[in-house]
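Subject: A structure for you to look through

Dear colleague,

I am handing over a structure that I would like you to read alongside my notes. Please keep it open while you go through them.

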Amino acid sequence: MSMPNVPDVKPDIELTREQVVHLLLASIAMEELGLAHIINAEGEKLQYVLAKPCLPTCTLLKVNESVDHLLRTLIHKELLLQIKLELVSKLVPCHVCEDECEEREECKGCEECGECEECEE
């Protein structure tokens, strides 16, 4: 599987707000894809170990503990990605008052500006 193409970001590049949001969302998606590959590898590890006949119980328990530890770590990473996604989603104004939000520099989206009656519902 090939990696997605990400634009070459140099220190002198100028990005619009929309481009920044797209890059942040792409980074979240790539991290999620990486975590999915790790989970898949752990599943394959379990299948491999369970297919072996006559393994000692202590070996099975060690493998189980290893998978358990890794999955717990991945859950922590998922929680961090969820927080990141929630923060990025606040950068995107809703479709109803998008024009108003773009005109106001201090506006962080409809939820905070409070000027959009349809968004408050």
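Read along the sequence, the protein chain follows the pattern α-α-α-α-α, and its secondary structure comes to five helices and zero strands, where helices (H or I, at least four residues) and strands (E, at least two) are DSSP runs numbered from the N terminus. Please bear in mind that this is a predicted model, in which local features need pLDDT of at least 70 and side-chain atom pairs count only at pLDDT 80 or more, while totals for chains, interfaces and linings use all residues. Residues are numbered from 1 along each chain as its sequence is written, and side-chain values use heavy atoms, with hydrogens and water left out.

Of the 121 residues of the protein chain, 14% count as buried; buried means under 20% relative accessible area, exposed means over 50%, and partly exposed lies in between (1.4 Å probe, protein chains only). The protein chain exposes about 9,800 Å², of which carbon and sulfur atoms supply 57%, with accessible areas taken from the Shrake-Rupley method with a 1.4 Å probe, and with only the protein chains shown counting as cover for residues.

Within H1, Val21, Ile28, Leu35, Glu42 and Val49 are buried, and the buried residues of H1 pack against helix H2 (57–89), where a contact means heavy atoms within 4.5 Å.

The next topic is charge pairs. A search of the whole structure finds four salt bridges, each being a side-chain nitrogen of Lys or Arg within 4 Å of a carboxyl oxygen of Asp or Glu. One of them joins the side chains of Glu31 and Lys77 (2.8 Å, N to O). That pair links distant parts of the chain, since Glu31 is in helix H1 and Lys77 is in helix H2, 46 residues apart. Glu31 is partly exposed at 26% relative accessibility, and Lys77 is also partly exposed, at 32%.

Another salt bridge joins Glu42 and Lys45 (3.2 Å, N to O), which both lie in helix H1, three residues apart, about one turn of the helix. Here Glu42 counts as buried, at 11% relative accessibility, whereas Lys45 is partly exposed, with a relative accessible area of 28%. In helix H2, Asp68 and Arg72 are four residues apart, about one turn of the helix, and their side chains meet in a salt bridge (3.0 Å, N to O). An α-helix has 3.6 residues a turn, so residues three or four places apart point the same way.

On the surface, Ile13, Leu15 and Val20 form a nonpolar patch with about 190 Å² of accessible area together. Patches are made of residues with over 30% relative accessible area and no salt bridge, like charges being joined within 9 Å and nonpolar side chains (Val, Leu, Ile, Met, Phe, Trp, Tyr) within 5 Å.

Finally, the count of disulfides comes to zero, a disulfide being a pair of cysteine sulfur atoms within 2.5 Å. Cys54 is exposed, with a relative accessible area of 80%, and Cys58 is partly exposed at 48%.
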